[in-house]
Amino acid sequence: MRLVLSADRTPKGNSMTAAEPETADAFSPAATRVAWAVQIAGNPSSAELIAAAAGLSLGEALDGLDELAGRTPPDDQPRRDLGEGSVRPAHLVLARADGPSPEPAWIRAAHVRAAAHLNAVGAPFQEQAPHLMESAVPGDNAAARVLIEAADAELAASPNRAEAWAARAAALLPHGDPAALRATSVRAAALAALGRAAEARELLATTLTPRSDETDRVAAAVECARHDRLQGRRLDASHLLTTELGRTDRTENRAVLELELAKTRLGERDFAEAGRWAFRALADSADRVVKAGALGLLALTGLFTGDTAHLGDHAAHAAELMDGALDTEVDGRSDTVAWVGWAELFLGLPEDAVRHFTRARRTPHATARPGRAHQLAEAALGLACAHAWSGRLDEAWRTALDAHRLAQLTGSAELSALSAARLSQIAGIRGDATEANRAAKESRALLDNSDGWWPSITRVVLAQASPEHHDPAAAHAELLTAAGGPGLPALPCSMHPYWYERLTDANLAMKNMDTARRYAGLAERSTVHLTLPAWSAYAHLARARLRLAESTHPEAPASAEAADDALRAARTFAAVRLRLPEARSRLVAGVALSEAGRLSEARAELATARDLFRRCGAKPLHERAVAELRRLGARLPRPRSGGLPEPTPREAEVAALVAQGLTNLEIAARLRLSVKTVETHLSRVFAKLGVRGRVQLVEVLADRTAAG
């Protein structure tokens, strides 16, 4: 069937193009209009939209659809409403059509009618946008605003389409119109999402004119500065923000720029200046999100400048303000939320940091806009670190992988280097040396000689990862380099006890006792003015390691004192839920207690350390705790020899998933079984292997793996 019209069947005054029939079975003018309208409406569509586009009544459109589809309902049968799927037969006809085409004026008028219908029925902006793209003319402000909203909503799904819609909206509006500035901002976000960051930055810069609305201009300046920071051009970002501040009058707008200057100065590692800008933002703003971000930055800068008097108060107040802010207040400012998380992380409050990093990742505007990948990447990096410190290594690994993916989307070598370093660190703790070395190599290849915030953090993370790779000499050298030398000038004062503990451990591994004593002493002295228990506990752990190493000498302190120091550290870490440091401390305590001859206590501490390492997913450290228990002759569960048969393949599969830390519900979902079936399999595994619970099962499986 072909869509062909004869000249005498074309209504007068209609813009249809007439043609001689190629078959005797030509369509009526109304049906031809419907055929064209189907193409205008899109596939699939509704009969109402087709009728509107064709300029016909619904009844006429339905008659035309029946004619196109080759069906005519009986007169005594009520016409059924044709839904979206019901017009597809007409599409099949159109796919074979090569008859007359509508003139451009008719096409535009049809799009105008379609857009008006969709607007009247409250259709989503994305459905209206294609018709406005074909019909709107310059000066049509209403159409431009619909296109802007459609582009903003489409950013995540199709940045290409969003960019086109936003560009068209900007072209429809007069220069300087506030809506045109928003269209430019949305278009820049789409360009950034497409990996065209330089174009996005250049486009935003066009809005930085004195005639622009001040609030819109400030928002554009902030976006430009963030782009510059992301590409490592921190001085350019500072100059841009300072220039904009000089011509900004409104106090709240000034506070926004001051907060951004504080972030930029922190990125330059000019901590004193960053603190001053943060204080100005705090004083100028009535916005609780801005105030929370300023307080978080004040806490961070205080850690680097040594101004520790109000650190806890700043962090607590920042958390209170941020937790009280509505999602609508936080929307679009996920990076400010994340800075509160970073402050809490450096203060040794990982669980609080998890809450704020998680909120930063779930901020609606951030999750909806691929152009905000840098904000999501920064939040994911902090969240991965907080999970790792809290002993959730599997979750930390998954989050770090997501952070690395997002960092690569930004095109920022600095963020990509840091995310790869974080992957290396977590992989090393989990026992995946191959991945740890691969990620470390990738990170170093991306790392330049910059001394900015992210590069310095990357060097710190790589140095932290080195001890996990079993090379104490390399670890010692890298720890010192990343910290800026023995005085640790590149690190916040809160981290000094931790860093000195790591240096103490590295030197003990190299048998450099005198250097180890010096670092253990520095760890203790660094806590004198520090009121942060989570970090101060590392000084006790450093002293415990040193005393344990010295316990073979008659004049040295007793190993029991080493155990006391380690247990003191463990109790502190447990109180702030730092599970990995707690497990490390209990491992040292167990070894020290065994040296002191207190074997029962030693076994208890080593068993606790073993269980903590297992729950954390720290395989090498778990194996070390198991080895220490065996050295003490602890009775670990063994599989029965003879008697009951080995587990079946399905039972073994269930057991392996238990060893990975999955719950029965998670195992059921993974294997597509019922929870009851999983429980049955597990009870049979317990019986066959002679164990009484999941912990013993994991031990038996570890023994079997070690035995080959």
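Reader: In this predicted model, which residue's side chain meets that of Arg-226 in a salt bridge?

Author: The structure is a predicted model. Within it, the nitrogen-to-oxygen separation of the pair is 3.1 Å, and a salt bridge requires such atoms to lie within 4 Å. The side chain that meets Arg-226 in this salt bridge is that of Asp-335.

Reader: How many residues apart in sequence are the parts that the pair Arg-226 and Asp-335 ties together?

Author: Arg-226 belongs to helix H11, which spans residues 214–230. Asp-335 belongs to helix H18, which spans residues 334–346.

Reader: Are Arg-226 and Asp-335 buried or exposed?

Author: A residue counts as buried when its relative accessible area is under 20%. The value for Arg-226 is 8%, and the value for Asp-335 is 4%. Arg-226 is accordingly classed as buried, and Asp-335 is likewise buried.

Reader: What separates Glu-260 and Lys-263 along helix H13?

Author: Glu-260 and Lys-263 form a salt bridge in which the closest N and O atoms are 3.5 Å apart, and both residues are buried. An α-helix has 3.6 residues a turn, so residues three or four places apart point the same way. Because Glu-260 and Lys-263 stand three residues apart in H13 (residues 251–267), their separation is about one helical turn.

Reader: Which helices hold Glu-329 and Arg-288?

Author: The side chains of Glu-329 and Arg-288 meet in a salt bridge with an N to O distance of 2.8 Å. The two residues lie in separate helices, so the pair ties together parts 41 residues apart in sequence. Glu-329 is found in helix H17 (residues 327–330), and Arg-288 in helix H15 (residues 288–305).

Reader: How are helices H29 and H30 oriented to each other?

Author: Helix H29 (residues 533–550) packs with helix H30 (residues 559–575) at an angle of about 160°, and the axes are 8 Å apart. H29 passes H30 in a left-handed crossing. The contact involves residues including Ala-537, Tyr-538 and Leu-541 of H29, and Ala-562, Ala-566 and Phe-573 of H30. Since angles over 145 degrees count in this class, the orientation of H29 and H30 is roughly antiparallel.

Reader: How are H18 and H21 oriented to each other?

Author: H18 packs with helix H21 (residues 373–389) at about 25°, with the axes 9 Å apart, and the crossing is left-handed. Among the residues that meet are Asp-335, Ala-338 and Trp-342 in H18, and Glu-378, Leu-381 and Trp-389 in H21. Because angles under 35 degrees define the class, H18 and H21 are roughly parallel.

Reader: How far apart in space are Asp-402 and Ala-380, C-alpha to C-alpha?

Author: Asp-402 is found in helix H22 (residues 393–410). Asp-402 is buried, with a relative accessible area of 16%. In sequence, Asp-402 and Ala-380 are 22 residues apart, whereas their C-alpha separation in space is 7.1 Å.

Reader: Which helices are included in what covers the buried residues of H2?

Author: Helix H2 (residues 47–54) is mostly covered, seven of its eight residues being buried. Leu-49 and Ile-50 are among the buried residues. H2 is followed by Gly-55, whose phi is positive, near 75°. The cover over the buried residues of H2 includes helices H1 (29–41), H3 (58–69) and H5 (104–120).

Reader: How many helices and strands are there in the protein chain?

Author: Of the 708 residues in the protein chain, 54% are buried. The chain exposes about 30,200 Å², of which carbon and sulfur atoms supply 52%. Its secondary structure comprises 37 helices and zero strands.

How values were computed: Residues are numbered from 1 along each chain as its sequence is written. This is a predicted model: local features need pLDDT of at least 70, side-chain atom pairs count only at pLDDT 80 or more; totals for chains, interfaces and linings use all residues. Side-chain values use heavy atoms; hydrogens and water are left out. Helices (H or I, at least four residues) and strands (E, at least two) are DSSP runs, numbered from the N terminus. Buried means under 20% relative accessible area, exposed over 50%, partly exposed in between (1.4 Å probe, protein chains only). Accessible areas come from the Shrake-Rupley method with a 1.4 Å probe; for residues, only the protein chains shown count as cover. Axes are lines fitted to C-alpha atoms, for helices over the stretch in contact, and angles run from 0 to 180 degrees between N-to-C directions. Angles under 35 degrees count as roughly parallel, over 145 as roughly antiparallel, 65 to 115 as roughly perpendicular and the rest as oblique. A crossing is left-handed if the near helix is turned anticlockwise from the far one by less than a right angle, and right-handed if clockwise. Contact means heavy atoms within 4.5 Å.
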